[in-house]
Amino acid sequence: TTCIAWLSARLDEILTAPFAVDFGTEVMQWHREFTNKTKAGARTLRKPLRCPRPQCRLLTLTWTEGDTYVCCSNPDCGARIPLAEYEAETQRLSEALQRGELEAEVA
């Protein structure tokens with residue numbers, strides 16, 4: 001709060017100063033560095049496989065970058081699958097598809 005108050009009082013002068021470009025570049029570098037360190041802005045990605053629980057089987061699996069689990073977003077299920085287990089199943093299905101043992105719709 002103190003930093004924002006200080007910056008707000010001086011922002012007009014900073015933006016019109018000869019060092020404005022350098023200042024902006026440094027702020028963007030700090031933002032990138034701190035975002036990476038704190039996992040801020042981690043994306044949540046939809047995963048292509050169906051939920052493995054027999055009572056669910058919906059295409060509602062998601063994974064948030066940095067997490068060790070893939071989660072089912074179905075509120076009636078909420079399954080949490082270890083990422084390594086999900087990746088092994090993805091590999092197994094991919095190999096079965098390549099061998100012609102499965103159709104893409106089934107996987």
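User: Which residue in S3 does Thr62 stand opposite?

Analyst: In this predicted model, Thr62 stands opposite Cys71 in S3.

User: How many residues lie between the strands in the hairpin of S2 and S3?

Analyst: Four residues lie between the strands of this hairpin. Among the hairpin's residues, Gly66 takes a positive phi near 95 degrees.

User: In what order do the strands form the sheet?

Analyst: The sheet is open, its four strands follow the order S1-S2-S3-S4, and the pairing is antiparallel. Strand S1 (44–46) and strand S4 (80–82) stand at the edges; each has a single partner strand, so one side of each is left without a neighbour in the sheet. From one strand to the next, the twist averages 30 degrees. Helix H3, residues 83–98, packs on the sheet and touches S2, S3 and S4. The direction of H3 makes about 75 degrees with that of S4.

User: How many bridges join S3 to S4?

Analyst: Three bridges join these strands, which run antiparallel. As for facing residues, Val70 stands opposite Ile81 in S4.

User: How should I read the two faces of a strand, and which residues of S3 are on the covered face?

Analyst: The general idea is that side chains in a regular strand alternate between the two faces of the sheet. In S3, Val70 and Cys72 make up the covered face, whereas Tyr69 and Cys71 make up the uncovered one.

User: Which residues touch the most other members in the largest nonpolar core?

Analyst: As a general principle, nonpolar side chains in soluble globular proteins tend to be buried together. Here the largest nonpolar core has 13 residues, and those touching the most other members are Cys51, Leu61, Val70, Cys72, Cys77, Ala79 and Tyr86. S2, S3 and H3 each supply at least two residues of this core. The largest share, three residues, comes from H3.

User: Which residues does Cys72 touch, not counting residues up to four places away in sequence?

Analyst: On that count, Cys72 touches Cys51, Cys56, Thr60, Leu61, Cys77, Gly78 and Ala79.

User: Where in the chain is confidence lowest, and where is it highest?

Analyst: Confidence is lowest in helix H2, residues 20–38, at a mean of 84, and highest in S3, at 96. For the chain, the mean pLDDT is 88, and 93% of the residues reach 70 or more.

Definitions and conventions. Residues numbered from 1 in each chain as written. Predicted model: local features only at pLDDT ≥ 70, side-chain atom pairs only at ≥ 80, totals over all residues. Heavy atoms only, no water. Pairing = 2+ DSSP bridges. Axes fitted to C-alpha atoms, helices over the stretch in contact; angles between N-to-C directions. Contact = heavy atoms within 4.5 Å. pLDDT = per-residue confidence, 0-100. Buried < 20%, exposed > 50% of the residue type's maximum accessible area, 1.4 Å probe, protein only. Core = buried A, V, L, I, M, F, W, Y, C linked by side-chain atoms within 4.5 Å.
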